[in-house]
Amino acid sequence: GINAEYGASCRTSPAFVPVFLCHVPHCVIVEKLVVKATADPLAMSDVRAKKSGLSADIQKKLDAKYNIEQEKQCREWIEAVLGEDLPDQEVGKNHFQACLKDGTILCQLINALSPTPLISKINNQKMAFKQMENIEKFLTACKKFGLQDGDLFQTADLYECQNMSQVVGTLYACSTIATSKHGYTGMCIGTKLADENVREFDDETLAAGKSVLGGQMGFTGGDSQSGMSMGKTRKVCD
């Protein structure tokens, strides 16, 4: 009766856990589940639901911002810093993402630019969470290196190929900080930061400047708009 019906539903239910698994340590079950989930050869971007509506429009705009010439410069710069070729020499957003996706090249890059290595251990495993951990280590090292939050990309921007133009922008910022603040003398693709130029004025010059009225204070040397007509007056009608 009821027990037979309950037993049949348990055997067919996907959430049914056999009794013998209750005696297996939880850590073993979790470990097997994690390995099975991360061993899937499909990337997270391959199984993500297709965007639609506003999200699709935003993604199109992000893809349109991607600059192939900037990618070529980044490729050449990375190879010059590391002294080796990138694994995928084909030019394109997806090919460039494939080169950097596991985070190992990025970690090696920031260590090569810094006077002292900022990342002590780089993961070489092919599991997804290990690769994303490398990307997180690179972003954390970039902050220590001198980059601002606005210069950095998000992990999903690279790992899921959501915004590769922001990844390219981060690489440009790394080159700028390395050349301007850390004395890197190799190839540079970013703009050099301006040098500080402190100017000292004597008291006489400072006092003379106080007697000069700037244009922002409302003084225009006697000029005014009196007598000028700037179109018709605005009438308010019911």
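This is a predicted model: local features need pLDDT of at least 70, side-chain atom pairs count only at pLDDT 80 or more; totals for chains, interfaces and linings use all residues.
The angle between H6 and H10 is about 55°, and their axes lie 11 Å apart. Because angles of 65 to 115 degrees count as roughly perpendicular and those under 35 degrees as roughly parallel, the two helices H6 and H10 are oblique to each other. Their crossing is left-handed.

The setting for this pair is a chain of helices. The secondary structure comprises eleven helices and zero strands, so that the order of elements from the N terminus reads α-α-α-α-α-α-α-α-α-α-α. Of the 238 residues in the chain, 29% are buried. Among contacts with a separation of 6 or more, 53% join residues 24 or more positions apart.

On the H8 side the contact is made by Phe 138, Cys 142 and Phe 145, and on the H10 side by Thr 170, Cys 174, Ile 177 and Ala 178. Sorted by class, the contact of H8 with H10 has six nonpolar residues, one polar residue and no charged residues.

Phe 138 also links this contact to other parts of the chain. Leaving aside residues up to four places away in sequence, Phe 138 touches Leu 106, Cys 107, Ile 110, Ile 119, Phe 153, Thr 170 and Cys 174. Phe 138 belongs to the largest nonpolar core, which has 39 residues. Together with Trp 77, Ile 78, Phe 96, Leu 100 and Leu 171, Phe 138 is listed among the residues with the most contacts inside that core. Helices H5, H6, H7, H8, H9 and H10 each supply at least two residues of the core, and the largest share, nine residues, comes from H10.

The buried residues are Thr 104, Ile 105, Leu 106, Cys 107, Leu 109, Ile 110, Asn 111 and Leu 113. What covers them includes helix H5 (68-82), helix H6 (93-100), helix H8 (128-145), helix H9 (155-159) and helix H10 (164-181).

Thr 155 is placed in helix H9 and is buried, with a relative accessible area of 11%; the cut-off for buried is under 20%. Not counting residues up to four places away in sequence, Thr 155 touches Met 132, Ile 135, Glu 136 and Leu 139. Glu 133, by contrast, is found in helix H8 and is partly exposed, with a relative accessible area of 30%. The C-alpha atoms of Glu 133 and Ile 122 are separated by 9.0 Å, the two residues being eleven residues apart along the chain.

Technical notes: Residues are numbered from 1 along each chain as its sequence is written. Side-chain values use heavy atoms; hydrogens and water are left out. Buried means under 20% relative accessible area, exposed over 50%, partly exposed in between (1.4 Å probe, protein chains only). Helices (H or I, at least four residues) and strands (E, at least two) are DSSP runs, numbered from the N terminus. Contact means heavy atoms within 4.5 Å. Ala, Val, Leu, Ile, Met, Phe, Trp, Tyr, Cys and Pro count as nonpolar, Asp, Glu, Lys and Arg as charged, and the others, Gly among them, as polar. Axes are lines fitted to C-alpha atoms, for helices over the stretch in contact, and angles run from 0 to 180 degrees between N-to-C directions. Angles under 35 degrees count as roughly parallel, over 145 as roughly antiparallel, 65 to 115 as roughly perpendicular and the rest as oblique. A crossing is left-handed if the near helix is turned anticlockwise from the far one by less than a right angle, and right-handed if clockwise. A nonpolar core is a set of buried Ala, Val, Leu, Ile, Met, Phe, Trp, Tyr and Cys residues joined through side-chain atoms within 4.5 Å.
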